[in-house]
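Colleague: I am new to this model and would like to learn how to read it with you.

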Amino acid sequence: MLDSFYIAWKYISYNRIKTAVLVACVTLISFLPFALQLLLNGSERQLMSRAVSTPLVIGAKGSALDLVMNTLYFGDERPEVISMQAANRIWDSELALPIPTYTRFKARGYPIVGTTLDYFDFRGLNVESGRNLAVIGECVVGARAAEDLKLKPGNSLVSSPESLFDLAGVYPLKMKVVGILEKAHTSDDLAIFVDLKTAWVIQGLGHGHQDVTQLKDPTLVLKRSGTNVAATAKLYHYTEISEKNIDSFHFHGNTDIYPISAVIAVPADEKSGTILQGRYLGKNETQQILRPAEVIDGLLQNIFRIKNVLDAVVSVVALATVMAIVLVFALSLRLRQREIKTIFKIGCSRLTIAKLLAAEILIIVAASGVLCGIMLTVVNRFTNDLVRMLFIA
Amino acid sequence: MIFVHSLHRWLVLFLFLLFSGANAGATEASLNVYVVNYPLKYFAERISGPHVNVTLPVPPEVDPVYWTPSIADIGAYQQADLILLNGAGYAKWVSKVSLPRSKTVDTSREFRDQYITVKEAKTHSHGAEGQHAHEGLAFTTWMDLSLAAKQAEAIVDEIVRKRPQHEDLFRANYRSLEKELLALDSRIKAVVSPNHTIPIIFSHPVYEYFAKAYGLNGRSVHWEPDQDPTPGQVAELNKLLESHPANWMIWENTPIKSAVDVLEVMGIKSVVFNPCGNVPPEGDLLSVMKDNVTKFELVFH
């Protein structure tokens, strides 16, 4: 038997291109359905576990999926903003704990999530090194984001401008990294957490600048009257919140109407959750309340429907590939008639010839199996990232 | 017979140990409450007695409204079981730190529609925002003693939520506190109302709620009790007196003699009405307020 494998190996080595094509075909056709299944399992696990652990999400009326993806996975979707009054409304109802989130800005490609300290307790997030948020201008970084950006407590991180060409826009804020979170194996690992007020400072709703009424430099004053001082555009706005200038930071107007993306509501019990849901059913209601598990379940149903179509396509392609491979072998046998005859004439039995051909097929199938295994291991290793890239981002 | 006797002893000992163990397990941890000023500390302590450990980490010589906490202080607030805020913009640091909302109670939120807005005298403009003033809120809400009672009510509600097993005691303590606050409120009204239009000067703009609640005819200046008045401040006061001929200035703390002398030359007498934002050296909030009212009788007699 070993001899048969030796001769088959020699034949395969000689016909490299034909063998490579055959191995590639068999590998791909066996890899595709397994990889798809892995990804779907991964997406179901990742999406559902977070959705199930988030009881209710409140946001502006519009795409339910966009709202849930932005609130739970900090995706690039931008649901319509609501105001802090939405969170206060839940607080005043005493039916649930409101956790506002504001996910709009990024820093070096990672989402900046503005929220309150309750978010960390709710998700069970612990600080691995450094400390939690204490004053505005600070940030706590998710484990993966910190790893990728090589950040540790004491470093700083600058928020990215929303548009490169918005020269008159908001100044980026240099945030102080005060803590790195423990790995949670969720979207929280890839986020940069700041206090809601810091997110408003990034947006320009809160800012710090020199005391306009005390300006000595005449080039900073456009007009000064008894009751008003108008500053020029030269007035320096602080781009970093430090111990020295924190007192100059202020918010204009009523912070109750400041924007947030959504509110995660954690009801005291099931009954409170149901009563709260009932309060958003009015005709003139501008907000929607969602159970993320239901929204994600709907998304997964669609993915599974697509998966069924893909399975059918893969089956047809697999059948065609198998038939093509059979054809390749049949043609190959016809081309090798003289060679087989020669082997027969030098004394090999028909069984030996069959063994030789079987050994060739076995080697090709085994090589494809190994290759497919390696590829599946790679996919398995990066399932979370691939799921994020394909279904979340 | 001896065996039965000894068995009884063992049984009694076993039951004693069992119950004493159960009682030890049932000892509740004291509720750890952090507050931002003394009136809230006083209310929380009056209501909850020994069941709550109330901390005001502001040094006694500092006015809590202008105090800035260190990172360690903020950490202590974050770790507390309950954080009592005064609301109405009291203590600017609160708007610049991260506190867990689930543990935080804004004791004046219930009457936020009664907040008093104060504007900076001078507006300014920069950037695209146009002309604006940094509006603020008057923050000494407890100076209106009926509002103080409402703040105490917000505290009792939250403490009862955290320790429902002592509800009866907490509610009874609150009712007693409310009664005292409202009695004092009535006494101030009785003292002030016959002559409430008498013009008075407040040394600092911290009496807005007090003036509104009791209908006082007061105007504020910015004089510090431990500093000599500058010529500018004296000129400003003289100008104010033209339209507001007051004979009394109300101080937060005992003013230095030179300031009192300057005022006396202008025909203005001084009297202290301590808002009691921090722990008083002697007495408590109510005794300080009672003392304030007694002094006030001089002004409105």
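**Helix crossing and pocket**

Modeller: In chain A, the axes of helix H3 (residues 64-73) and helix H9 (residues 292-335) come within 10 Å and cross at roughly 110°, where axes are lines fitted to C-alpha atoms over the stretch in contact and angles run from 0 to 180 degrees between N-to-C directions. Helices are DSSP runs (H or I, at least four residues), numbered from the N terminus. H3(A) is therefore roughly perpendicular to H9(A), a term for angles of 65 to 115 degrees. This is a predicted model, in which local features need pLDDT of at least 70, side-chain atom pairs count only at pLDDT 80 or more, and totals for chains, interfaces and linings use all residues. Residues are numbered from 1 along each chain as its sequence is written, and chains are lettered from A in the order in which they are written.

Colleague: Which helix gives the most to the lining of the second largest pocket?

Modeller: Lining residues have an atom within 4 Å of a point of the pocket, an open set on a 1 Å grid where a 1.4 Å probe fits, with protein on both sides within 12 Å along at least five of seven lines. Helix H9 (residues 285-300) of chain B gives the most, with five residues.

Note on methods:
Side-chain values use heavy atoms; hydrogens and water are left out. Helices (H or I, at least four residues) and strands (E, at least two) are DSSP runs, numbered from the N terminus. Angles under 35 degrees count as roughly parallel, over 145 as roughly antiparallel, 65 to 115 as roughly perpendicular and the rest as oblique.
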